[in-house]
Amino acid sequence: MSNKEVKTALKSARDAIRNKEYKEALKHCKAVLKQEKNNYNAWVFIGLSAAELGQPDQSKGAYKKAIEIEPNQLLAWQGLANLYEKSNQTDVKGDLADVYKKLLELYESGDKQKWFDVCNKLVELYHQEKKYLEVAETWQKLIQMKQEEGAEKAELHQLWKKMTQLLKDSTQNQDNKTAQLLLTAFEHAVNSADTDPSEDHQNLYKDYIQCLSKFPHETAELERACDDMMALYPTVSYPLEVLCLHHVKLGILSEKALSCFSRLLEMDASSGPGIIGFGIKCFQEKKYKEAIKRLDEGLKKTSQCPAAWHYLAEAQRKIHRYRDAVLTCNQALEALGIPEGPSLRWKNLILQLKAEALIKIGDADAAEEAIKALDQIVDASSDPVVLAIRGQAYLIKGLMDQASEISQELLLSHPDLAQSHALEGFIHYFQKNYEQAERSFLNAIERRAETAEYHQYLGLTYWFMSDETKKDKGKAVAQFLKAAKLDSYLGSVFRYLGNYYQDIAGDKSRACGCYKKAFELDGTDEESGTAAVDLSVELGDMDTALSILNEVTEKASVGTAKWAWLHRGLYYLRTGQPSQAVADLQAALRADPKDSNCWESLGEAYLSRGSYSTALKSFRKASELNPELVYSIYKAAAVEQILGKYDNAIATYQQILKKAEDYVPALKG
């Protein structure tokens, strides 16, 4: 076949393709290849025809052969791109990207519009594959080409803006280079916008600031962007809210941070981040109850702030609301999600705080949960403070050997750490080795004198060591007073001070004040509540006694706070208010239906009210529960006498006299 015949055959093949006669085209091409096996056009036409006949493998092979012959010719590359674009196979996407890159190379010095079209396709392909670095680099190249072409500022603005949208999902798991390219795109987009403020520009600024807030190393840029946005949009609270949460996350309450909180609350008094900031300020000023109130209010509005949850849990721990602190730590961990980078530090802090709160709850189940929390702390085994907490958890669970092993290890490896000596002290105290416990707690105090708990336990050690150390003003009571001064929320210390002033110093007034304080701090401390009421009555201060009892009974649910119901019922009985006495004594019996003394008192209340039948039942119930209650048996006989049941009354009196011959009321009866 001559050159002329080859040209004729190729023309025939081209005409056949134009007429969609693809098999005919293949015949002409094969004839050409018999003569010229490296004929570029023939291979391209075979690729095109095979593709149209649904033979993708033959088509791909033909195009690749053509590319092999002429690697810098466009036709085969264009054909291969069309073939891959139509393919449903996912594994061709990598090949398609390579084809697009070659087309960009070929178009770069020629058809700019086609270059832009292919570039858009390549970016879209990378975006589908979540290859964000490639997206960023390719799109930036497109913008560079547009700049060289002399594109208008408005068009460039839209391109930078599009780049930020393409990369917005990349912030979760991106490398540093992608992050820098994204931030560069935002900077250009923000700065290339029209000078007049607009809603679009405002939203773009918000996106930029939100993006910056996800990168801990961009602190200075975040602050600058927030300042710039505030200057442009002085009535918009968003940049201030981001700055406030940024300062909360840093955990440093600088003058600048305080200024942010104040400005935000002036702009919007109901702003969650502003209220949270004010709560942290209260926390640092040791106004823990106010801090809890503010943080709780702020977190209802802005819940996804793990640092704020941590501050709330810490404040709850400070005032010994340990169960609340545990629940708050769980909320903090939920808000944290799957932590990485700086968030990992917050996770470790929250888990440690949760474990400490669980230890203070003091039962075996809570200790087990504390150990589980400690197990989740990264590098926990290398942190001596975390090890000391684990030792306390073992101690509460009764695992003395494990606790002692940790204690010995810490004393050897960290002899200057207060927690090492404190753990040793807790173990000795638990084993009632009070002299050794004293030495350990003194060592702990020497290293960390501002810890109230160490003074509290040294005081308890002296309290139980001997009568001498209990009575010695320089021992137990001195340590309790130091603990109370260091931690004014430590209710149990005030209870022991009450015990000291009542039983040793004989100062009932001061004892009553201590018991009241202890009960105010811990409403579940029945011992202090009861002592405060009894001493108030003894000192003639019925108003105080009643106010304590009223406060407890108002909050009490059914079947709880027996002591308060019983005390108030007896008060009503003494003061001639039998109906109120009946109601309160019934409430006390719901909490403890087997209290014979309570049944006896209820009988007295019914009797005072004139309800003889129910009084009789109550006295009988009391004597059933405790046959030794002679007074209840006597009162039952007296009521039977009132009701005219003389035979029963006589029999009951005789029953009493068999047990107690000289029981005068029964003889009279």
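E223 is buried, with a relative accessible area of 17%, where buried means under 20% relative accessible area, exposed means over 50%, and partly exposed lies in between (1.4 Å probe, protein chains only). This is a predicted model, in which local features need pLDDT of at least 70 and side-chain atom pairs count only at pLDDT 80 or more, while totals for chains, interfaces and linings use all residues. Residues are numbered from 1 along each chain as its sequence is written, and side-chain values use heavy atoms, with hydrogens and water left out.

The partner of E223 is K256, and the two form a salt bridge whose closest N and O atoms are 3.2 Å apart; a salt bridge is here a side-chain nitrogen of Lys or Arg within 4 Å of a carboxyl oxygen of Asp or Glu. Because K256 lies in helix α14 (residues 255-267) and E223 in helix α12 (residues 219-232), the pair ties together parts that are 33 residues apart in sequence. Helices are DSSP runs (H or I, at least four residues), as strands are (E, at least two), and both are numbered from the N terminus. K256 is partly exposed, at a relative accessible area of 40%.

Helix α12 also holds both D228 and R224, which are four residues apart, about one turn of the helix. Their side chains meet in a salt bridge of 2.7 Å, N to O, and D228 is partly exposed at 29% relative accessibility, as is R224 at 36%.

Another salt bridge joins D584 and R568, with 2.6 Å between the closest N and O atoms. D584 lies in helix α33 (residues 578-591) and R568 in helix α32 (residues 562-574), so this pair ties together parts that are 16 residues apart in sequence. Both partners are buried, D584 with a relative accessible area of 4% and R568 with 12%.

| Salt bridge | N to O distance |
|---|---|
| K256 and E223 | 3.2 Å |
| D228 and R224 | 2.7 Å |
| D584 and R568 | 2.6 Å |

How many disulfides does the structure hold? The number is zero, a disulfide being a pair of cysteine sulfur atoms within 2.5 Å. The sulfur of C329 is 14 Å from the closest cysteine sulfur, in C305, which is too far for a bond, and C329 is buried with a relative accessible area of 1%. For C512 the closest cysteine sulfur is in C514, at 9.4 Å, again too far for a bond; C512 is likewise buried, at 6%.

For residues 596-629 the end C-alpha atoms lie 8 Å apart, and the span is 82% helix and 0% strand.

Y612 lies in helix α35 (residues 612-625) and is partly exposed, with a relative accessible area of 32%.
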